[in-house]
Amino acid sequence: MCTKYLNKNIIKIFLMTSLEKITHLAYQSKYDCIGDRSRVFDVDFSKLDTLSQGTKHDMCTSSLSARVANQNEVFEDEIRPVYYPPFTTTGCSVSLFKTLFTNYCTHDCKYCQNSTEYNGHKKIYSYTPEELAKITISLYKGKYIDGLFLSSGISSDENITTEKMIETIKILKERYNFAGYIHFKVLPGVSYEYIKQASEIADRLSINIETPSNNYLSELSSTKNYVKDILKRQNYIKKLELKKNLPSGQTTQLVVGACRESDFEIFKRVIKEYKEMMLKRVYYSAFNPLQGTPLEKTSEQPMWREHRLYQLDWLYRIYNFSEKEVKIAFNEEGFLNNKDPKLQIALKTFDSGIDPNEASYDELIRIPGIGPKSAYRIINFRKRNNIFKREQLLNLGVKIKNATPFLKINGAEYIKIDKWIECKSQ
Ligand code: SF4
């Protein structure tokens with residue numbers, strides 16, 4: 001593609017949202033990279049657009065997930081506002097081309113526009129493995145993406161669709177020497193043999209559990225079985241991961257609030273997922289009713305509900321908060337408030353301030369405003385110095401405004417916790 005044409009279009013592209021952007025780039029990339037002009041291939045823009053948009057609600061990362069992990073504490077994750085930035089095992093973010101293989105589906109999930117009920121009312125698109133491999137390699141060689149996130153509806157049979165998805169990856173790797181990252185969606189009910197093959201060519205596998213239990217899933221779909229189609233496949237992936245087949249492990253996603261499930265029910269399942277399925281991450285997607293689906297009149301869930309679940313997830317997974325501690329964050333009805341759960345837990349567990357000169361790492365990271373990085377800095381700093389004023393902590397990256405009520409420095413507490421709560425509530 002000539003530079004002039006590219007520059008003109010770059011301006012347009014920056015004005016677009018992420019998915020539109022990747023679709024546009026993919027469309028343009030049909031002229032790029034994979035060889036000479038004689039190998040230019042046809043790309044149907046509507047197909048690209050529809051199949052990319054079809055993955056919009058498959059978060060596998062939230063644009064908010066890292067930042068909201070704790071707004072007061074800087075995390076190692078830095079979200080790049082591009083197509084789909086998951087994190088590799090080394091903590092680097094990568095930009096992926098997210099797409100469905102087909103938007104036809106034999107399942108009837110009530111929240112999904114790919115549902116079988118709409119097969120007659122929507123234009124059905126499918127890639128061929130060759131076609132999708134060409135688009136992906138063009139984007140990859142053009143340095144627009146670092147990898148591929150491949151999901152799909154189910155055309156006729158989950159094994160047949162998976163076979164085509166696997167073929168796409170094989171073409172990419174074997175014919176085009178693709179060396180990028182691959183997140184491969186395992187389709188509900190697919191056989192072990194196909195999951196095994198996928199684990200040999202993908203970096204990460206995931207299958208969405210969507211709800212915290214079978215009862216809730218049956219409200220959303222009459223065709224998917226929670227235990228047989230989903231949990232059993234997660235177990236297969238776990239076994240393959242144990243055999244070291246899968247560098248970036250397994251993840252899953254829940255739709256938050258499509259049923260009447262409480263946050264506590266969600267989190268109880270999440271803990272099970274981390275413990276029993278050895279998941280690397282759980283992603284949350286606040287329910288957003290889509291036009292034309294049976295749930296179109298169901299209330300949209302506030303984004304803060306998703307944010308607070310991400311924050312609690314970080315406390316459990318990164319800060320090693322115990323199950324007993326995270327339970328403190330829920331109200332009597334089992335929901336989180338729109339308040340920082342770490343602060344909520346601290347308010348109910350701290351009786352008095354903690355001396356940062358003496359506190360262990362575990363005690364430090366339980367103080368609001370102190371994250372893993374600042375806790376390590378405090379521990380290193382105090383090997384040579386005594387902490388005798390709050391400004392020293394500020395220089396170590398502590399959010400001092402949040403931490404102050406929970407600190408005792410030089411034997412003194414600047415403000416008692418109960419006094420601080422009183423001031424805040426006025
Ligand atoms: S299985 Fe996936 S693509 Fe098919 S209807 Fe359900 S959520 Fe949509």
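This is a predicted model: local features need pLDDT of at least 70, side-chain atom pairs count only at pLDDT 80 or more; totals for chains, interfaces and linings use all residues.
The space that the ligand takes is the largest pocket. A pocket is found on a 1 Å grid over the protein atoms alone, as an open set of points where a 1.4 Å probe fits, with protein on both sides within 12 Å along at least five of seven lines. A molecule sits in a pocket if more than half of its atoms lie within 2 Å of the grid points of that pocket.

Residues are numbered from 1 along each chain as its sequence is written, and side-chain values use heavy atoms, with hydrogens and water left out. Local features need a pLDDT of at least 70 and side-chain atom pairs count only at pLDDT 80 or more, while totals for chains, interfaces and linings use all residues.

In soluble globular proteins, nonpolar side chains tend to be buried together. The largest nonpolar core of the model has 93 residues, of which Phe267 and Tyr284 touch the most other members. Helix H8 (residues 226-242) gives the most to this core, with six residues. At least three residues of this core come from each of domain 1 (3-208 + 219-247) and domain 2 (350-425), with the bounds taken from an automatic or database domain assignment. A second, separate core has nine residues, including Cys109, Tyr216, Ala258 and Leu295. A nonpolar core is a set of buried Ala, Val, Leu, Ile, Met, Phe, Trp, Tyr and Cys residues joined through side-chain atoms within 4.5 Å. Buried means under 20% relative accessible area, exposed over 50%, and partly exposed in between (1.4 Å probe, protein chains only). Helices (H or I, at least four residues) and strands (E, at least two) are DSSP runs, numbered from the N terminus.

Several buried residues lie in helices. Tyr236 belongs to helix H8 and counts as buried because its relative accessible area is 17%. The C-alpha atoms of Tyr236 and Lys196 are 8.3 Å apart, although 40 residues separate the two along the chain. Glu306, in helix H10 (residues 303-317), is buried because its relative accessibility is 2%. From Glu306 to Val256 the C-alpha distance is 7.0 Å, across 50 residues of sequence. Glu325 is part of helix H11 and is buried at 17% relative accessibility. Its C-alpha atom is separated by 7.0 Å from that of Ile345, 20 residues apart along the chain.

Other residues lie in loops. Ser156, between strand E2 (147-151) and helix H5 (158-175), is not a glycine but has a positive phi of about 55 degrees. Ser156 counts as exposed because its relative accessible area is 58%. Asn320, in the loop between H10 and helix H11 (323-327), likewise has a positive phi, near 60 degrees, and is exposed at 56% relative accessibility. Glu358 is placed in the loop between helix H12 (341-349) and helix H13 (361-364), and is exposed at 65% relative accessibility. Glu358 and Arg382 are 24 residues apart in sequence, and their C-alpha atoms are 9.1 Å apart in space.

Terms used
On a 1 Å grid over the protein atoms alone, a cavity is a set of points where a 1.4 Å probe fits but cannot get out, and a pocket is an open set with protein on both sides within 12 Å along at least five of seven lines; lining residues have an atom within 4 Å of a point.
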